[in-house]
Amino acid sequence: MPKAQIHFFSATGNSQLAAEVVSSGLKKAGWQVSLKDIRTMDIIKEAENLAAADLIGFVFPTYAFRAAIPMEKHLIGLPPATRPTPVFLVATFAGYLDRGFMRVRDFLVAKNYIPILTKTLVCEDSWTVVRVPCLIYDKGWPTNRSLEELREFARNEIPRAWMENRDSPNDCVSWVPWNPITFIAATFPLAVRKGTQFPIFVRKSLCVRCGACVRQCPMKRLRLDPFPKAQGECVGCYGCINCCPKDAINTWFTNGRVRYR
């Protein structure tokens, strides 16, 4: 029975759902699958299990035209493979993916992991700043149909690609031509990495100190003191803004915007 590991990062829950769907598809194909939330992984201690896997998958959300920062850091910290090792990529996104797969591919190839297959899952846009009433991008996604397509992809396409590439994996990530959005994608993430794009402010008159934002934050950067305060790196998921029941938390350009629930 072939063994697969799926490493995922999820802030809103969509990427975790995608990882679980992929896992169920592989299990239907007769694979043994381990799901790994990278926030709770000790990659050094996991090195032996990593080497024992026949195939590794990485499932992540795309923010600002790139994989979420925690996933990029996880890829940078992976122990190098002793031989070219096949992997697959699944990205959840709501806008323009652009060079997201290319950046991930560069991190992986440097460690001797070769992407042999990629897949995207369209989800409703969680970036509050771009949400407009009556014009919310991809509202209602992922659909049951798109999730079933992802499951069948995992059941049929991933095993087939692994059989064809397990001895000599071929890189499947193609070049993305430069265009105006690519230019923005290459420059905007600098602000995201520094966290300067997402300082939050709290309207204390609305805040009920329920702690929902503290529980939601995937980076554990929020605490109640006595109102929410942020310290540390922001991944830019807008989770704290979207989950607030009183819309008391905002960042630049989000006040009055429709939240992702």
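Tutor: Let's begin with a definition: angles under 35 degrees count as roughly parallel, over 145 as roughly antiparallel, 65 to 115 as roughly perpendicular and the rest as oblique. One caution: this is a predicted model, where local features need pLDDT of at least 70 and side-chain atom pairs count only at pLDDT 80 or more, while totals for chains, interfaces and linings use all residues. Residues are numbered from 1 along each chain as its sequence is written, and side-chain values use heavy atoms, with hydrogens and water left out.

Student: How do I describe two packed helices?

Tutor: Two packed helices are described by the angle between their axes and the distance between the axes. The axes are lines fitted to C-alpha atoms, for helices over the stretch in contact, and angles run from 0 to 180 degrees between N-to-C directions. Helices are DSSP runs (H or I, at least four residues), as are strands (E, at least two), numbered from the N terminus. Take H3 (residues 69–77) and H4 (residues 100–109): their axes come within 8 Å and cross at roughly 20°. H3 and H4 are therefore roughly parallel to each other.

Student: What is the handedness of the crossing of H3 and H4?

Tutor: The rule is that a crossing is left-handed if the near helix is turned anticlockwise from the far one by less than a right angle, and right-handed if clockwise. The crossing of H3 and H4 is right-handed. Glu72, Leu75 and Ile76 of H3 make the contact with Arg103, Val104, Phe107 and Leu108 of H4, where contact means heavy atoms within 4.5 Å. Sorted by class, that contact has 5 nonpolar, no polar and 2 charged residues. Here Ala, Val, Leu, Ile, Met, Phe, Trp, Tyr, Cys and Pro count as nonpolar, Asp, Glu, Lys and Arg as charged, and the others, Gly among them, as polar.

Student: And how do H1 and H5 cross?

Tutor: The axes of H1 (residues 14–28) and H5 come within 8 Å and cross at roughly 45°, so H1 and H5 are oblique to each other. H1 passes H5 in a right-handed crossing. On the H1 side the contact residues include Leu17, Val21 and Lys28, and on the H5 side they include Leu147, Arg151 and Ile158. By class, the contact of H1 with H5 has 10 nonpolar, 2 polar and 3 charged residues.

Student: How many salt bridges does a search of the whole structure find?

Tutor: It finds 13. A salt bridge is a side-chain nitrogen of Lys or Arg within 4 Å of a carboxyl oxygen of Asp or Glu. One of them joins Arg66 and Glu72, at 2.7 Å from N to O. Arg66, Glu72 and Arg103 are linked in a network of salt bridges.

Student: Are Arg66 and Glu72 buried or exposed?

Tutor: Both are buried, meaning under 20% relative accessible area, with exposed over 50% and partly exposed in between (1.4 Å probe, protein chains only). Now try Arg39 and Asp37, whose closest N and O atoms are 3.2 Å apart in their salt bridge. Arg39 is partly exposed at 39%, whereas Asp37 counts as buried at 16%.

Student: Where does Ser126 sit?

Tutor: Ser126 is in the loop between strand S6 (113–122) and H5 (144–165), and it counts as buried at 9% relative accessibility. Leaving out residues up to four places away in sequence, Ser126 touches Thr12, Cys237, Tyr238, Asn242 and Tyr260.
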